[in-house]
Structures are given as structure tokens and as C-alpha cells.
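Please keep the sequence and the model open while going through these notes. Each point takes up one feature.

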Amino acid sequence: MAMASTTASGSGSVHTPTAAPFRTHKDLEAARRQRRRRCLCCCLVATLVVLLLLAITLLVLFLTVLRVRDPTTRLVSTRLIGVAPRLSFPAASIQLNVTLLVTVAVHNPNPASFAYASGGHTDLTYRGAHVGDAEIDPGRIPSRGDGTVQLALTLQADRFAGDLTQLIGDVMAGSVPLDASTRIPGRVAIFGVFKRHAVAYSDCHFVFGVAEMGVRSQQCSDRTKL
């Protein structure tokens, strides 16, 4: 008797389900640490990109809009306000000091105000000889605005002694050439937030008219150092 053989066909095949791989607590912890590292790296990269863009923006602003430009100064008036004779011993010589009230107009072209406390100083020279000086009172020049600086400039007559002949000749001719060098330390405030130390310098050559007792002509050079 032939035994019947049973052949499994495609339709009669039985599929055994595959069991899901078992993940231990250590594997889960490692996966969580890896996700945290990826998040930390993404946050770090995003922060660096934002900081880089901010640095580029600030650099462009400081090189263009916020670039500090030199102010301009102009002598407005010079007025005689005092004559003080002084007797010196033991030579018993009489010296004469003359005080002039000098008004200077300042234009600030920057988007930053300039405030200055005490420490501003002006030196006056006549043909290279130091003949007078003045202290500058505290003040403030607004951003993209104008202001005035007044200083009492004292001329010490005895310091003209070395060039007395030349001075007499200039006075007789009606004009005295003088040079004023000014240094004003202060702070610039950009938008009232960014504050930087700055020093404003001004060098002026002007001709003092004897007849009108005022400035006849002038030429100034100004600069700012941060």
C-alpha cells in the first residue's frame, strides 16, 4: 500500500511571527543620552549662528551708521572781560594779564551725544610761545546737534616778552596771529546705551583783530580719538 505524501503548498504555509528584539534599560538610557546630545548640539549651533549674525550686524553698524565722525568747531566771538595788573617781587615789576571770554560753536555730526566733565583744557600760543590757557567747564553736545563752549582765556603779558618787538609790530599792523590747542576728554553715548570714552581735539589758528577786538579769520582742524 502506497503511503500518501502530503506536499505543503504556498497557500497552506504557516508563518511564525518574529519576536520583537528585547531592549534593556541600558540601551534605553544610551538612546536618551544620544537624543540629548543631538539636541544640545543643535542648540549650540543655533546659538553660535545667532551670535555670529549679531556680531556682523554690530560691525556693519559701527563701520557705517555708528562710525564716529570728527566734530567741527568755530570761534564765534572773543570779548575782553578783564584786565588785571600784578606786582611781582623782588623785581618789583608790574605785569598785565588780560582775560578774554571766548565762545566756540561745536557741531556734533554723530548719532551719539558727547558729554564732558572737568578736565578740558585750552593752550594758547603766539608764534610758538605759550602765552595763555583756560579750563573748560563741563557740558554736553547732543547727537547730530550743536552746542557752545565758553572759556575764560587768560593772556599773561610777561610771556610775550621774548617776542615783544614782533608783538608791537603785529599790534601796530592791526592783527595778532594766535594758535589755540584744545583737548576735551568725555564720553560718547550711542542711543543712550553704548558708552565709550572719547577725547575731542581741536587745533585752531586765528587772527585777532586789534581794532574790532575780535576774531578776524580762523582755520580749525578737529579730530576725535576713542
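**Notes on the model**

1. Strand pairing, S4 with S8. In S8, Thr125 has Asp179 as its bridge partner. Strand S4 (residues 120–126) and S8 run antiparallel and are joined by five bridges. Two strands count as paired if DSSP finds at least two bridges between them.

2. Basis of the model. The model is predicted: local features need pLDDT of at least 70, side-chain atom pairs count only at pLDDT 80 or more, and totals for chains, interfaces and linings use all residues. Residues are numbered from 1 along each chain as its sequence is written, and side-chain values use heavy atoms, with hydrogens and water left out.

3. Overall make-up. The protein has two helices and 10 strands. Along the sequence the pattern reads α-β-β-β-β-β-β-β-α-β-β-β. Helices (H or I, at least four residues) and strands (E, at least two) are DSSP runs, numbered from the N terminus. Of the 226 residues, 29% are buried. Buried means under 20% relative accessible area, exposed over 50%, partly exposed in between (1.4 Å probe, protein chains only).

4. Strand pairing, S3 with S8. S8 spans residues 175–190 and also pairs with strand S3 (residues 112–116). This pairing is antiparallel, over four bridges. Phe114 stands opposite Val188 in S8.

5. Ser113. This residue lies in strand S3. Is Ser113 buried or exposed? Ser113 is buried, with a relative accessible area of 10%. Leaving aside neighbours within four places in sequence, its contacts (heavy atoms within 4.5 Å) include Arg140, Pro142, Arg187 and Val188.

6. The core. The largest nonpolar core has 30 residues. Such a core is a set of buried Ala, Val, Leu, Ile, Met, Phe, Trp, Tyr and Cys residues joined through side-chain atoms within 4.5 Å. Phe114, Tyr126, Leu151 and Leu178 are among the residues with the most contacts inside the core. Strand S2 (93–108), S3, S4, S5, strand S7 (145–156), S8 and S9 each supply at least two residues. S8 gives the most, with six residues. In soluble globular proteins, nonpolar side chains tend to be buried together.

7. Leu151. Not counting residues up to four places away in sequence, Leu151 touches residues including Leu100, Val102, Thr122 and Ala134.

8. Salt bridges. How many salt bridges does the structure hold? There are two. A salt bridge is a side-chain nitrogen of Lys or Arg within 4 Å of a carboxyl oxygen of Asp or Glu. Arg127 and Asp170 meet at 3.1 Å, N to O. This pair links distant parts of the chain, 43 residues apart: Arg127 is in the loop between S4 and strand S5 (129–136), and Asp170 is in helix H2 (residues 164–173). Arg127 is partly exposed at 45%, whereas Asp170 is buried at 9%.

9. The other pair. Asp203 forms a salt bridge with Arg223, with the closest N and O atoms 3.2 Å apart. Asp203 is in strand S9 (residues 194–209) and Arg223 in strand S10 (residues 214–225), 20 residues apart. Asp203 is partly exposed at 32%. Arg223 is partly exposed at 40%.

10. A surface patch. Leu44, Leu48, Leu51, Leu54 and Leu58 form a nonpolar patch on the surface, with about 460 Å² of accessible area together. Patches are made of residues with over 30% relative accessible area and no salt bridge; like charges are joined within 9 Å, nonpolar side chains (Val, Leu, Ile, Met, Phe, Trp, Tyr) within 5 Å. Accessible areas come from the Shrake-Rupley method with a 1.4 Å probe; for residues, only the protein chains shown count as cover. Leu44 is in helix H1 (residues 25–63). Leu44 is exposed, at 53%.
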